[in-house]
Amino acid sequence: MFPSEIRNICKQFTGKVELRKVRLNQGGYTSDGIYFGVGDPLYFAQDEEGYWCDYFRATCREEAIDILRDTFPVAKIRK
């Protein structure tokens with residue numbers, strides 16, 4: 001699928017999106033050894049259909065939900 005097709009699917013998606021805060025160690029690594037660096041808290045989101053997933057930074061959970069609302073305006077966000 002092209003990115004524009006995925007964006008259209010996300011805009012119409014009415015299912016659930018899971019939002020999780022990712023723990024990072026002091027060096028900015030996940031428990032799996034993936035490096036993200038240090039900074040604002042890191043979040044991971046994925047839709048239940050498996051079309052979309054992403055890591056992103058937000059200052060707090062409410063901001064993370066707002067960011068997801070831009071991608072999934074009508075989905076149910078599991079907190």
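Colleague: Is tyrosine 55 buried, partly exposed or exposed, going by its relative accessibility?
Modeller: In this predicted model, tyrosine 55 has a relative accessibility of 34%. Buried would need under 20% and exposed over 50%. Tyrosine 55 therefore counts as partly exposed.

Colleague: What kind of aromatic pair do phenylalanine 44 and tyrosine 55 form?
Modeller: Their ring centres are 4.9 Å apart, with 50° between the planes. Stacked needs planes under 30 degrees apart, and edge-to-face needs over 60. The pair is tilted.

Colleague: How many residues apart are phenylalanine 44 and tyrosine 55?
Modeller: Phenylalanine 44 is in strand β2 and tyrosine 55 in strand β3. The pair links distant parts of the chain, and the separation is 11 residues.

Colleague: Is phenylalanine 44 buried or exposed?
Modeller: The relative accessible area of phenylalanine 44 is 10%. The cut-off for buried is under 20%, so the residue is classed as buried.

Colleague: How many aromatic pairs does a search of the whole structure find?
Modeller: One of the pairs joins phenylalanine 36 and tyrosine 55, with ring centres 4.8 Å apart and planes at 40°. The search of the whole structure gives a total of 6.

Colleague: Which residues do ring pairs link into a cluster?
Modeller: Rings pair if their centres lie within 6.5 Å. Ring pairs of this kind join three residues into a cluster: Phe13, Trp52 and Phe72.

Key. Residues numbered from 1 in each chain as written. Predicted model: local features only at pLDDT ≥ 70, side-chain atom pairs only at ≥ 80, totals over all residues. Heavy atoms only, no water. Buried < 20%, exposed > 50% of the residue type's maximum accessible area, 1.4 Å probe, protein only. Helix = DSSP H or I, 4+ residues; strand = E, 2+ residues; numbered from the N terminus.
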